[in-house]
Protein chains: 2
Amino acid sequence: MNRQLLLESIRDNLVRQEETILFALIERAQFRVNSTIYRPGALGELLGGESLVGYLLRETETIHARMRRYTSPDEHPFYTGLPEPILPALRFDENPLRPNTVNINADIRRNYETAVVPAICEDGDDGQYGSSSVADVSCLQAISRRVHFGKFVAESKFRARPELFAPLIRAADEQGLMERITDTVVERAVLDRVREKARTYGQEFLSQRTAPTLDPEVARMIYADHIIPMNKRVQVAYLLARDPDA
Amino acid sequence: MNRQLLLESIRDNLVRQEETILFALIERAQFRVNSTIYRPGALGELLGGESLVGYLLRETETIHARMRRYTSPDEHPFYTGLPEPILPALRFDENPLRPNTVNINADIRRNYETAVVPAICEDGDDGQYGSSSVADVSCLQAISRRVHFGKFVAESKFRARPELFAPLIRAADEQGLMERITDTVVERAVLDRVREKARTYGQEFLSQRTAPTLDPEVARMIYADHIIPMNKRVQVAYLLARDPDA
């Protein structure tokens, strides 16, 4: 089987992505909520009606698209209408996924701005709009990658037991698919590990340090209430759209 | 005294920047050296003769300049000719530094590409050019901020003891200034703490994890051989250019 579809290899990758997500959240947690940066048009007309975070995200995706980021099956842009790559194709890994258009970045962004940021940041405004927006883009990209990795998980599970999945797909049984892909033992292990990592990474090294960091319980909540459920939504959406006979 | 010049407040800020630098280095250390991304022109003519890292760095700085990053006294661009800000001025902290043009980013970038990357990454090429370049830009920006923070350190030290610094500045006594700003006790504490943090952040949480991480001794070396010496160079250059009577 394609190495990218080995469940063990996928799990290693997901574990490594936890660091990326937690580091990005810890960076963002230094600053206050700064709600101005999420309000379209709040920072003048030169941002084209975007919020500051939206502006930075779109501009970043424009550069990354030119660098061929979004031809990789594990990357999904938040914006459409991005430019064509100007880099030659570099990697030749076969794409192990079935053709699909699943992309729930709009929901990821809404959840992030309305639930995650207020959970990790102190209320209020510290004027650190640029630094906060840069951290937001890192968080959004890291969470999007983790959530859409569900496609690899789903394809791997399908190929391991097609006889279980094909009938559920044919019946468009969303609920049945959700039950079939759910592994509560693995989920609990992920949540415990994320909490433990956040505790380790967020520890203060000097007593005089006053910079806020990331509460381990909040880190766990972000996985429990947002990242894992959205990842499972991607798995189900991917399977529902998959040809059960291919 | 301006809060930005209180030595304790500066030290807290420098301590917090250690996390940003270490997290960025750990992200980069996932990938191989990928020397192709540092070679100007290696990836086609559409990058305008730049290396991939140079292209991404310049494009990123172009966006950040529009967001007014480089009007902040603690931020220094690697590129010149960047566009004017399109954001209104947001922060009104007084700039506590004397006017100066000290910017050693060219050296920071050369050191980073030729010494830091080979120290933290495994040799070879894994094709992860985009991810490596994105991590490089984060590393370069974080290191540049830390190194140029020497300006605040130097201004703070000058104001605390102008009678010691003014004669050295008038005599253009570079060696004397270097000795005067050096505090080996503080330096040793920084190096010990950085090694300890790298050990904590780089620890592996699952035995099957095979992704390379950051060697604590390498993290210490990067501070000892690069970040601290470059920070001290900035302090001396800033003081040499400073009006000793102002």
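**Notes on the A/B model: charged pairs and the chain interface**

1. Let's start inside chain B. The side chains of Lys197(B) and Glu18(B) make a polar contact at 2.8 Å. Lys197(B) sits in helix H8 of chain B, and this lysine is buried, with a relative accessible area of 0%. Please keep in mind as you look at this pair that the model is predicted.

2. A word on confidence. The average pLDDT of chain A is 93, and 94% of the residues score at least 70. For the model, ipTM is 0.92 and pTM is 0.94. Where pLDDT is low, predicted coordinates should not be read in detail.

3. Now for the charged pairs. Side chains of opposite charge can pair when their charged atoms come close. Over all chains, the count reaches 44 salt bridges. One of them joins Arg193(A) to Glu18(A), with the closest N and O atoms 2.6 Å apart. Arg193(A) belongs to helix H8 (residues 184–201) of chain A and Glu18(A) to helix H1 (residues 7–29), so this pair ties together parts that are 175 residues apart in sequence. Both partners are buried.

4. Next, the interface. How many residues of chain B are in contact with chain A? There are 43, and they touch 43 residues of chain A. The two chains bury about 4100 Å² between them, 68% of it on carbon and sulfur atoms.

5. Which polar links cross between the chains? The interface of chain B and chain A holds two salt bridges, and Arg16(B) forms a salt bridge with Glu27(A), with 3.4 Å between the closest N and O atoms. Six residue pairs are in polar contact across the interface, both residues being at pLDDT 80 or more. On the chain B side, helices H1 (7–28), H2 (52–66), H4 (129–148) and H8 (184–201) each supply at least two of the residues that touch chain A. That side of chain B divides into 21 nonpolar, eleven polar and eleven charged residues.

How values were computed. Residues numbered from 1 in each chain as written. Chains lettered and ligands numbered in written order. Heavy atoms only, no water. Contact = heavy atoms within 4.5 Å. Buried area = accessible area lost by both parts, 1.4 Å probe. Salt bridge = Lys/Arg side-chain N within 4 Å of Asp/Glu carboxyl O. Polar contact = N/O pair within 3.5 Å; in protein donor to acceptor, adjacent residues only side chain to side chain. Helix = DSSP H or I, 4+ residues; strand = E, 2+ residues; numbered from the N terminus. Nonpolar A, V, L, I, M, F, W, Y, C, P; charged D, E, K, R; others polar. pLDDT = per-residue confidence, 0-100. Buried < 20%, exposed > 50% of the residue type's maximum accessible area, 1.4 Å probe, protein only.
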